[in-house]
Structures are given as structure tokens and as C-alpha cells.
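Here is a short tour to read alongside the model. Have the sequence and the 3D view open as you go.

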Amino acid sequence: MSATNRAKLITKLQTALKKHYDVAPATPSRPLLEHALYACLLEDCPADLADEGLAKLEQDYFDWNEVRVTTVTELAAVLSSLPDPNKAAQRLKSILQAIFEEFYSFDLDHLKKENLGKAVAKFEGMSSMTPFVLSYIIQHGLGGHSIPIDYSAMVVMLVTGIASQAEASDGRVPGLERAVPKSKGVEFAALMHQPAVALLMDPKDKTARTFLESVAKGSSKELDEWLTSKEEAIKRVKARKKEEREAAKQEAEAEAAEEAEAKSAVLVKRSAKKGSRVTKSSVQQKSAAEQAAESQARLAAEAKKAEAKAAASAKSTKKKATTDKSSSSAKSSTSGTAKKSSKTSASKTASKSSETTKSAGKKSSKTSTTKKAPAKKSGSNAKPSSSAKDSAPKKSAKRKSTTSGKSASSESTSSTAGKKATNRKLTKRKPR
């Protein structure tokens with residue numbers, strides 16, 4: 001639609017509103033925060049019910065911070081007189097929370113002194129802010145020119161042909177502020193809100209229907225078509241939601257079935273494992289006697305090995321004892337033979353020495369008998385005989401000492417020979 005045609009329709013709409021509806025009384029002066037909260041209640045709701053809801057909130061709660069921390073269900077119970085209390089309560093709570101997070105205070109009157117663009121930007125940055133509430137704050141709280149249009153008023157604009165479907169879904173009517181001057185903006189908004197809410201509460205309202213026909217012919221039919229399309233759309237939405245729920249339910253059932261199958265498979269595996277364990281245990285129980293017999297046989301074999309080791313160790317100790325005895329007997333025999341040989345050698349030397357002494361005595365007796373005269377003549381010649389007798393025993397003593405030395409050396413050699421023999425015997429024996 002062109003801007004001129006739209007402007008003509010808007011002026012026609014304004015005149016029809018003045019003809020069919022009375023101008024509402026001026027809104028009382030409120031703080032900026034209360035304007036915002038009142039707009040939350042006024043959206044798609046009659047003005048008298050919005051006034052009643054705001055009065056209840058101020059009466060039942062200590063301050064707006066208490067309202068902010070109250071649940072939506074409790075707020076909806078307080079605002080039960082409104083057409084849609086749940087939506088109104090949700091809007092009110094979310095706007096209070098957004099204002100508190102933005103300013104950390106509920107005193108917003110300082111924004112009236114600031115630049116309008118900066119204040120509007122702060123409110124536009126709030127995620128829970130709706131176009132109707134924002135326009136109402138600008139018009140009534142900040143003194144700007146913005147006409148608040150809610151859902152019900154947008155339906156009137158759509159049916160009369162002032163706004164298209166895309167513009168209605170966007171929530172803005174282009175050229176509306178240009179067609180309606182600022183001096184008449186508050187009046188136009190109050191008048192426009194009355195038929196819109198009346199049609200929302202009762203689509204067959206006669207005054208509202210005549211008002212629509214006075215603005216544009218065929219608007220009532222357009223409204224009926226829109227209502228039927230809306231019902232069909234609602235049905236489609238419900239059917240789609242139902243399908244989504246059924247699909248989700250089927251998916252949940254399928255997942256539950258898969259989980260049940262997985263659990264059953266796990267149980268089957270566990271039962272199979274248990275069965276295998278039972279069979280293994282039965283096999284083990286059957287072969288328990290064989291295992292006991294094998295263990296007894298092993299113990300017997302180990303006992304036999306221990307006995308054999310003990311016998312071998314006893315034999316080795318006996319052999320060591322016999323070798324020690326033989327070595328000691330060899331030592332004693334060698335010492336006895338050495339003693340005997342020394343005794344025999346000593347007796348032989350003694351006999352030889354006695355024989356030599358006897359022969360020396362005989363010779364001396366012969367010489368004494370033959371040479372008695374010269375001996376008598378000179379006493380010096382008799383001395384050699386006594387010296388000869390003395391030299392004989394000296395020679396025998398020397399021979400005894402030599403024989404005793406030989407016997408001692410022979411004993412030592414025999415003892416060392418015996419030790420070497422024992423050592424050789426010990427080294428030749430193999431270790432066990």
C-alpha cells in the first residue's frame with residue numbers, strides 16, 4: 001500500500017474512533033517505572049482491568065522488589081481478573097528483572113531528564129521488552145511520540161487494510177506517527193485500544209463490527225476469515241504439537257525398547273557366562289578326586305626326593321668320616337713306623353757301638369799284655385789308652401745324634417706325605 005492511501009485510511013480510522021467511542025480520562029501522573037508496569041498489564045487487556053490489577057499489586061506487596069522475586073503463578077493468582085493472567089504476570093516479572101539488572105534500582109525518573117534517544121536505547125536493549133510496552137513508555141513516561149499498538153490493535157489494522165501481514169507480524173505500522181500528530185497521539189492510542197480489546201474479548205461485538213465497516217467496507221468479513229484462519233492455524237499447531245508429542249513418545253518407546261533389548265542381551269550374556277562357570281565348576285568338582293590323587297602323588301614324590309637327599313647327605317658325611325679316620329690312621333701308622341725305625345736304628349747303633357767298644361777292649365787288652373814292660377817303664381805311654389776309651393763313646397754319641405736326626409726327618413717327611421695323600425683324596429672326590 002502507498003503512503004498516501006495509508007494516511008487516508010489512518011485519518012478515516014481516527015474519525016471513526018471518535019464517532020463510536022468516547023475519549024478515556026487522562027492517565028494520572030505516575031513514576032516512569034509504574035508506567036512500564038501498567039503497560040505490561042494493559043497490553044491486550046481493558047484499561048479498567050489493568051487499573052484494578054496494578055492496584056492489587058500495590059496493595060498486596062510491600063514494594064516492587066518483592067514483586068520481582070515473586071513467582072509467576074503467585075502473580076497470576078493476584079492478576080486473575082485479567083484476560084490472560086499468566087502472560088501478564090510473565091511480562092511484569094521479566095520487565096522488573098530486566099530493569100533491575102540494567103539500573104540496579106527502581107527509581108527511573110532521572111531518565112526523563114536525559115536525552116530521549118539514550119533512554120529509549122536502554123529500554124530497547126532489554127530482551128523482554130515488547131513493542132507495545134516500549135511505545136507506551138516513550139509516549140507516557142518519556143514524553144516522546146510513539147503510538148502503542150498491541151496484538152488486538154494490530155488485528156484491526158490488518159483487517160482494515162492499513163497494515164499488511166508482514167508488517168503486522170513485525171509489530172510496526174509504518175507512517176502511523178506521521179499520520180497522527182503528537183498532540184493527538186495519546187487520544188488516538190486510548191481510542192484505538194477500546195475496539196481492539198472488545199473484539200479480542202468478543203469477536204461478535206456489534207459496536208466494534210460497525211466501527212470496522214465504517215473504516216473499510218468488508219472489514220467484518222475479513223475479520224471472520226481471519227478468525228477462521230486463526231482457528232485453523234491453531235488446529236494445525238495443536239496437531240503438529242500432538243504429532244511432535246507422539247513422535248517423541250514413539251522415540252522414547254523405541255529407546256526404551258532398545259534399552260530393554262540391550263539389557264536382555266546383557267542378561268543373556270551374563271546367564272551364559274554363569275552357565276559356563278557352572279559347567280567349569282562341575283568339571284572341576286568331577287576332577288577333584290583326580291586332583292587330590294595327583295597332589296598326593298606329588299607329595300609322595302617330594303618325600304622320596306627329600307629322603308634320597310637325606311640319604312645322600314648321610315653317605316657323604318660317612319665318607320668324610322671314613323676319609324678322616326683313614327687319614328688319621330695313616331698318620332698314626334706312619335708315626336709308628338717312624339718310631340719303630342728310629343728304635344731299630346738306635347738299637348743297631350747301640351749294638352754296633354758295644355761291639356766296637358768290645359773290640360777296642362780286646363785290642364787294648366792285647367796290646368797291654370804284649371806291651372806291659374814299656375808301659376811300666378814310662379807312665380806317659382799309658383795315657384793314650386784312656387783317651388782311646390774316651391773317644392769311642394764320643395763317636396757312638398755322634399752316631400746316635402745323626403740317627404735320631406735322620407729318624408726325625410723321616411717322621412716329618414712321612415707326616416707331610418700322609419697329609420698330601422689325604423689332600424689328594426679330598427680333591428679327587430667329586431662334589432655331591
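## Surface and overall make-up

The protein chain has an accessible surface of about 28000 Å², and carbon and sulfur atoms account for 56% of that surface. Accessible areas here come from the Shrake-Rupley method with a 1.4 Å probe, and for residues only the protein chains shown count as cover. This is a predicted model, in which local features need pLDDT of at least 70 and side-chain atom pairs count only at pLDDT 80 or more, while totals for chains, interfaces and linings use all residues. Residues are numbered from 1 along each chain as its sequence is written, and side-chain values use heavy atoms, with hydrogens and water left out.

The chain holds 17 helices and zero strands; these are DSSP runs numbered from the N terminus, with helices being H or I of at least four residues and strands E of at least two. Of the 432 residues, 29% are buried (under 20% relative accessible area, with exposed meaning over 50% and partly exposed in between; 1.4 Å probe, protein chains only). Among contacts (heavy atoms within 4.5 Å) between residues at least 6 apart in sequence, 66% join residues at least 24 apart.

## Two nonpolar cores

A nonpolar core is a set of buried Ala, Val, Leu, Ile, Met, Phe, Trp, Tyr and Cys residues joined through side-chain atoms within 4.5 Å. The largest one has 44 residues, and L57 and F123 have the most contacts inside it. Two or more residues come from each of α2 (32-42), α3 (47-60), α4 (64-69), α5 (72-78), α6 (85-103), α7 (116-124) and α8 (131-141). The most are given by α2, with nine residues.

Leaving aside residues up to four places away in sequence, F123 touches L32, L108, L111, M129, L134, I137 and L142. A second, separate core has 36 residues, including L9, V173, V180 and L223.

## A serine in α8

Now find S135, which lies in helix α8. S135 is buried, with a relative accessible area of 4%. Its side chain makes a polar contact with the side chain of S146 at 3.1 Å (a pair of N or O atoms within 3.5 Å; within protein, one must be able to donate a hydrogen and the other to accept it, and residues adjacent in sequence count only if both atoms are side-chain atoms). Not counting residues up to four places away in sequence, S135 touches S146, I147, P148 and R172.

## Positive phi in two loops

D44 sits in the loop between α2 and α3. Phi of D44 is near 55°, a positive value in a residue other than glycine.

Y104 belongs to the loop between α6 and α7, and phi of Y104 is also positive, near 55°. Y104 is exposed, with a relative accessible area of 64%.
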